[in-house]
Each structure stands twice: as structure tokens, then as C-alpha cells.
Amino acid sequence: MNNPTQPGILCAKSIKKSFRSPDGGSVEVLGGVDLEVPSGHSVSLVGESGAGKTTLLNILAGFELPDDGSVLWDGVRIDKFSNSQQARRRAGFMGFVFQNYCLVPELNAVENVELAARIAGKFGKSARERARELLDAVGLGGRMKHLPSQLSGGEKQRVAIARAIMNSPRIVLSDEPTGNLDEKTGESVMNMFFKLCSEREVALLLITHNPDFAARCDSTLHLSAGKISK
Ligand SMILES: Nc1ncnc2c1ncn2[C@@H]1O[C@H](COP(=O)(O)OP(=O)(O)O)[C@@H](O)[C@H]1O
Ligand SMILES: [Mg+2]
């Protein structure tokens with residue numbers, strides 16, 4: 001649980017980001033965002049389309065640079081790392097679940113999950129076994145060798161969730177994970193996602209348009225006009 005003397009597992013301080021418009025002007029998307037995700041907590045991030053949620057997630061993940069401000073992973077500023085150091089740290093620290101699954105089409109379910117371990121430099125039998133266990137845990141024990149093209153949307157997202165958890169990350173960042181799923185499938189995928197994260201004490205930052213999923217998180221942050229409010 002959150003200890004007020006400890007910084008959150010993921011922190012952002014005074015993040016600013018503007019994009020250049022095609023017409024030559026500049027649009028400020030983030031105007032000084034502060035955010036903290038306590039270890040093991042789930043935090044939802046909500047806001048209208050275009051509010052800058054995905055931009056903020058990309059900055060928190062180190063995929064994109066802010067114009068100003070800092071991001072800390074487990075208390076350490078990520079701008080101190082080289083790109084390759086950052087990539088190595090990210091592989092063990094963060095998992096990702098995106099709206100469009102982002103599975104490798106040529107790899108089957110178990111290979112897609114195992115890929116997370118390979119990226120973190122772990123190979124061999126134990127990685128394969130863990131990938132199988134995780135696919136079992138997400139209810140896909142009978143789909144190990146299916147390619148993404150042979151899986152339903154809900155099944156693909158379950159594979160992506162297993163992959164996100166594969167390296168026992170401290171936090172999973174998820175951008176509208178049910179955006180492509182029907183209501184019933186989205187509900188069952190999220191039930192499993194919340195359960196897996198809470199059982200394994202993995203923090204979750206969840207971008208969602210679904211008010212029920214947002215409310216199931218320990219806290220909710222609203223992004224509007226470039227600022228966060230609670
Ligand atoms: N690479 C980019 N270049 C220019 N504008 C961008 C870029 N990425 C995002 N934007 C703009 O930033 C705003 C926020 O986008 P985004 O973070 O995707 O919002 P959300 O995820 O909340 O829907 C939008 O107005 C979008 O047009
Ligand atoms: Mg978005």
C-alpha cells in the first residue's frame with residue numbers, strides 16, 4: 001500500500017508537451033502535469049478524446065520526450081538513462097496493453113507471451129513454462145499454438161495481458177484496452193486484467209472511456225485542458 005514517505009512507483013512532475021501544427025502554429029497538449037501511481041495501486045486516467053491521454057502515456061513510458069518536466073520510474077529520473085539503458089529497464093519494470101493488441105502476427109500465443117522475456121534477455125525452458133502458466137491464468141490454456149489471426153479480439157487481448165505480466169513488472173500501462181471489444185467481452189477481459197494485477201501486486205495505469213472500469217480503480221485522474229485534476 002501507499003507509504004506517503006515513499007515516492008510512487010511511477011511519477012511525473014510538471015510535464016509539458018506541445019505539438020507543432022501542420023499550419024506552423026503550436027498546440028499545447030500537456031500544460032504541466034503532475035501524476036503519481038503508488039506501488040500496487042490501480043489508477044484510471046480519463047478525459048475527452050484529444051485531451052492528451054495517449055501523449056501522456058507515451059511520455060511516462062519514455063517513448064516520447066516531454067518539452068519540460070521529468071518522469072521517474074521507481075524514484076529514478078528516466079532522462080538520466082541512455083536509450084538502451086532505458087529500454088532494458090523498461091522491459092523489467094513496465095508492461096503494456098494497447099487497444100489494438102500489438103501482437104506479432106507470425107508468432108503463436110505462447111511465443112507472443114514469451115517474446116516479452118526474450119526482450120528482457122531471458123531465454124529457455126522456464127520462460128516457456130511461465131508463458132504457458134500465464135496463458136492458463138488468462139483462460140487460454142486451449143489456445144497456446146493459435147496465431148493472432150486465429151484468435152478473437154477478446155482472446156488477443158488476453159494474450160497481450162499475459163505478455164504484459166510476463167516479466168513481473170511493477171506497473172502495467174494500458175491505453176483503452178477494451179476500445180475494440182464488445183461490452184460483454186470487454187467486461188470479462190477487464191475482470192481478468194484487474195484480478196491478475198491485484199493478485200500479483202502490479203500497479204495499473206488505465207486509460208479508459210468506460211466509467212465503470214475507471215471507478216473500479218483505486219483512484220481516478222481527469223485530464224482536461226492540459227492539466228490533471230482528481
Ligand atoms: N505527433 C503529433 N503531432 C501533432 N499533434 C499531435 C501528435 N500527437 C498527438 N497530437 C495532438 O495532441 C492532442 C492529444 O492527442 P492524444 O494524446 O492522442 O489524445 P487522447 O489520447 O486523449 O485522445 C490531439 O489534439 C492530437 O491531435
Ligand atoms: Mg488516446
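In this predicted model, the buried residues of helix α6 are covered by elements that include the strands β3 (42–46), β7 (171–175) and β8 (203–207). The helices α4 (125–137), α5 (153–165) and α7 (211–216) are also among the elements that cover them. The buried residues in question are Gly186, Val189, Met190, Phe193, Leu196 and Cys197. They lie on the same side of α6, because the arc that they cover around the axis is only 130°. This arrangement can be read from the geometry of a helix. An α-helix has 3.6 residues a turn, so residues three or four places apart point the same way. On the face of α6 turned away from the buried side are the exposed residues Lys184, Asn191, Lys195 and Glu199.

The length of α6 was also checked. The helix comprises 17 residues, 183–199, and at 1.5 Å a residue it should span 24 Å. Just after α6, glutamate 201 takes a positive phi of about 55°.

The largest nonpolar core contains 65 residues. Helix α5 gives the most to this core, with 6 residues. Within the core, Val113 and Ile171 have the most contacts.

Asparagine 112 lies in helix α3, which runs over residues 109–119. With 26 other C-beta atoms within 10 Å, asparagine 112 is buried, because a count of 20 or more is the criterion for a buried residue. When residues up to four places away in sequence are not counted, asparagine 112 touches Leu103, Val104, Leu107, Val159 and Arg163. Between asparagine 112 and threonine 208 there are 24 Å in space, C-alpha to C-alpha, and the two are 96 residues apart in sequence.

The residues around ligand 1 are Phe19, Val29, Gly47, Ser49, Gly50, Ala51, Gly52, Lys53, Thr54 and Thr55. By type, this shell divides into 3 nonpolar, 6 polar and 1 charged residue. Helix α1 (residues 53–60) supplies the largest share of the shell, 3 residues.

Note on methods
Residues numbered from 1 in each chain as written. Chains lettered and ligands numbered in written order. Predicted model: local features only at pLDDT ≥ 70, side-chain atom pairs only at ≥ 80, totals over all residues. Helix = DSSP H or I, 4+ residues; strand = E, 2+ residues; numbered from the N terminus. Expected span 1.5 Å × (residues − 1). Buried ≥ 20, exposed ≤ 12 C-beta atoms within 10 Å, placed from the backbone. Arc of directions from axis to C-beta. Contact = placed C-beta atoms within 7 Å. Near = placed C-beta within 6 Å. Nonpolar A, V, L, I, M, F, W, Y, C, P; charged D, E, K, R; others polar. Core = buried A, V, L, I, M, F, W, Y, C linked by C-beta atoms within 7 Å.
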